[in-house]
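Morning, everyone. Please have a look at this model with me.

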Amino acid sequence: MNKQEYKYELHCHTSDVSFCAHSTAEEAVKFYKERGYDGIVITDHYSPQTFLLHKAIWPHKYTDMYVKGYKRARECAGDDFTVLLGCEVRFFCTIDDFLIYGIDEDFLRGAGNLMTKYLRRLFRICDNNGLLLIAAHPFRELRFRHKPSLLHGCEVFNGKDKGKKANPKAEKWAEKHGFSIITSGGDFHDKNDTVPGGIITREPIKTNEDLLRILRSGDYTLIK
């Protein structure tokens with residue numbers, strides 16, 4: 001009997017890569033499997049704090065280091081659980097974050113230093129490569145709201161902001177500016193302190209192509 005719905009987390013960090021995460025890729029997979037999820041997108045931080053010192057100049061040369069959490073999650077996931085590669089970019093001298101969906105290792109190796117692109121150039125790169133650029137938790141403390149025309153969508157629920165004013169504000173902002181793509185994410189950093197988020201779909205997501213198509217179609221329900 002086929003399942004009627006599928007659950008996917010869209011915002012997940014691992015301590016294998018992200019300096020602020022406290023749970024490993026294995027723990028992330030276990031956490032979401034135990035909660036009935038069918039897959040996760042690993043969105044480790046692509047930031048100066050991840051690529052320390054000289055690595056921050058040429059992060060594309062250290063792609064193998066950056067995808068460690070993603071690869072480890074895939075290794076332990078099994079055939080019944082999808083693990084996709086995404087990223088959460090932060091530019092130099094800023095604290096605003098942007099999720100990118102649809103990437104692969106070849107993109108990371110060939111795109112140069114994403115931390116130096118800043119929003120207009122990064123949006124153009126994503127648009128030209130068929131990727132989706134999403135504003136992450138845009139109303140978290142001290143964050144700046146950017147031009148909606150330079151974004152494909154907005155994260156309107158973030159598990160770390162549950163119970164605060166940030167999520168309702170993000171939802172109203174997305175509605176005001178008519179974003180066709182809105183997302184939800186748990187912002188997993190710690191298995192002991194995570195409120196899961198993500199989306200519920202009517203069909204399984206196995207590839208980046210599946211994820212991008214479903215997000216663009218709007219045929220999903222937010223978990224929040």
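Predicted model: local features only at pLDDT ≥ 70, side-chain atom pairs only at ≥ 80, totals over all residues.

Numbering starts from 1 along each chain as its sequence is written, and side-chain values use heavy atoms, with hydrogens and water left out.

Helices first. α1 (residues 25-34) packs on α3 (residues 68-77) at an angle of about 50°, and the axes are 8 Å apart. That makes α1 oblique to α3 (angles under 35 degrees count as roughly parallel, over 145 as roughly antiparallel, 65 to 115 as roughly perpendicular, the rest as oblique). From α1, the contact (heavy atoms within 4.5 Å) takes A25, E26, V29 and K33; from α3, G69, R72, A73, C76 and A77. By class, that is 5 nonpolar, 1 polar and 3 charged residues.

Now the pockets. A pocket here is an open set of points on a 1 Å grid where a 1.4 Å probe fits, with protein on both sides within 12 Å along at least five of seven lines; lining residues have an atom within 4 Å of a point.

The largest pocket has a volume of about 370 Å³. It has 23 lining residues, and Y70, V83, L84, T207 and N208 are the closest to its centre. β4 gives the most to this lining, with 4 residues. The lining has 10 nonpolar, 7 polar and 6 charged residues.

The second largest pocket comes to about 200 Å³. Of its 15 lining residues, C20, H45, R90, R140 and H189 lie nearest the centre. The classes here are 2 nonpolar, 6 polar and 7 charged.

Terms used. Axes fitted to C-alpha atoms, helices over the stretch in contact; angles between N-to-C directions. Helix = DSSP H or I, 4+ residues; strand = E, 2+ residues; numbered from the N terminus. Nonpolar A, V, L, I, M, F, W, Y, C, P; charged D, E, K, R; others polar. Points joined across faces, edges and corners; volume = space filled by probe spheres on them.
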